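This report is meant for a reader who is seeing the structure for the first time.

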Amino acid sequence: DYCLGDGSSTYGHQIGLANALPSSAYITGGANWLATTDAQIASAVGQLENVNPARIVFLCSRQYYFQVLRRLMKASGGTTYNEAQTGPAGSPPNFGNAMYDGYPVFWSQVLPTVTASSAKGLYIGDFTGATMLGDRRELAIRSSEHFLFSSDVIAFLATARICTVIHGDGRGTTYGPITCLANS
């Protein structure tokens, strides 16, 4: 799993965001979701390094978006529902995805859906620039005219194995292209 993978067989031996980022990539947020401020989120965006600004996005659960990001947008005043969904007038359409501070927000329901101590609820960054897909086994296609013989159908089986590698994750005091806002 791209978000939670810990290298175990449960996640296909892949390491996800929650385990690939160094400790320097975590920005301390509030003690809980209600204590999270816009300044903390701005700090997490401001710490990003080596990114393509056009590819910066937010990744969180739908619950985090509505309980934290939408609350902060409404508290700042002037944000309409349409702006929260599509961004300010003149911005390119985001095809129904949510927006926050001019950046697209994508939802992943494997991320925390309720506030908790030390919860890693919001990832921010250039995920495209920080992630690669690798071939573990190339695409293999086989056919069988015997499998559904009585139906006069030819069946095809296609398999491939890939892995994700989060490679641009910063080291030491370098934040890298992905940061995470975590509850304190």
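## Terms and basis

Contact, a word used throughout this report, means that heavy atoms lie within 4.5 Å. The model is a predicted one, in which local features need pLDDT of at least 70 and side-chain atom pairs count only at pLDDT 80 or more, while totals for chains, interfaces and linings use all residues. Residues are numbered from 1 along each chain as its sequence is written, and side-chain values use heavy atoms, with hydrogens and water left out.

## Overall make-up

The protein has five helices and eight strands, where helices (H or I, at least four residues) and strands (E, at least two) are DSSP runs numbered from the N terminus. Read from the N terminus on, the elements follow the order α-β-α-β-α-α-β-β-β-α-β-β-β.

Of the 184 residues in the protein, 39% are buried; buried means under 20% relative accessible area, exposed means over 50%, and partly exposed lies in between, with a 1.4 Å probe and protein chains only. The protein exposes about 10,300 Å², of which carbon and sulfur atoms supply 56%, the areas coming from the Shrake-Rupley method with a 1.4 Å probe and, for residues, with only the protein chains shown counting as cover. Among the contacts in the protein with a separation of 6 or more, 69% are between residues 24 or more positions apart.

## The salt bridge and Asp126

The structure holds one salt bridge, a term that stands for a side-chain nitrogen of Lys or Arg within 4 Å of a carboxyl oxygen of Asp or Glu. The partners are Arg55 and Asp126, whose closest N and O atoms are 3.0 Å apart. Arg55 lies in the loop between α2 (38-46) and β2 (57-60), and Asp126 in the loop between β5 (120-125) and α5 (127-130), so the pair ties together parts that are 71 residues apart in sequence. In general, side chains of opposite charge can pair when their charged atoms come close.

The two partners can also be described by their accessibility: Arg55 is partly exposed at 36% relative accessibility, whereas Asp126 is buried with a relative accessible area of 1%. The side chain of Asp126 also reaches the backbone nitrogen of Asn52, at 3.1 Å. When neighbours within four places in sequence are left aside, Asp126 is in contact with Val51, Asn52, Arg55, Pro177 and Ile178.

## Helix α3

Helix α3, made up of residues 62-76, has 15 residues and reaches 20 Å from its first C-alpha to its last, which is close to the 21 Å expected at 1.5 Å a residue; the expected span is 1.5 Å times one less than the number of residues. The helix α3 bends by about 30° at Arg70, the bend being the angle between axes fitted to the seven residues ending there and the seven starting there.

Within α3, the buried residues are Gln63, Tyr64, Tyr65, Val68, Leu69, Arg70, Leu72 and Met73. After α3 comes Gly77, whose phi is positive, near 80°.

## The loop between β1 and α2

Gly30 lies in the loop between β1 (26-28) and α2 and is buried, with a relative accessible area of 6%. Not counting residues up to four places away in sequence, Gly30 touches Ala35, Thr36, Gln40, Asn183 and Ser184, and the C-alpha atoms of Gly30 and Gln40, 10 residues apart along the chain, are separated by 8.1 Å.

Ala31 is found in the loop between β1 and α2, where it counts as partly exposed at 49% relative accessibility. With neighbours within four places in sequence left aside, Ala31 is in contact with Asn183 and Ser184. Ala31 and Ala116 are 85 residues apart in sequence, and their C-alpha atoms are 8.2 Å apart in space.

Most residues other than glycine have a negative phi. His13, which is not a glycine, has a positive phi of about 60°; it lies in the segment before α1 (17-20) and is exposed, with a relative accessible area of 52%. Asn50, in the loop between α2 and β2, has a positive phi near 55° and is exposed as well, with a relative accessible area of 69%.

Technical notes: Polar contact = N/O pair within 3.5 Å; in protein donor to acceptor, adjacent residues only side chain to side chain.
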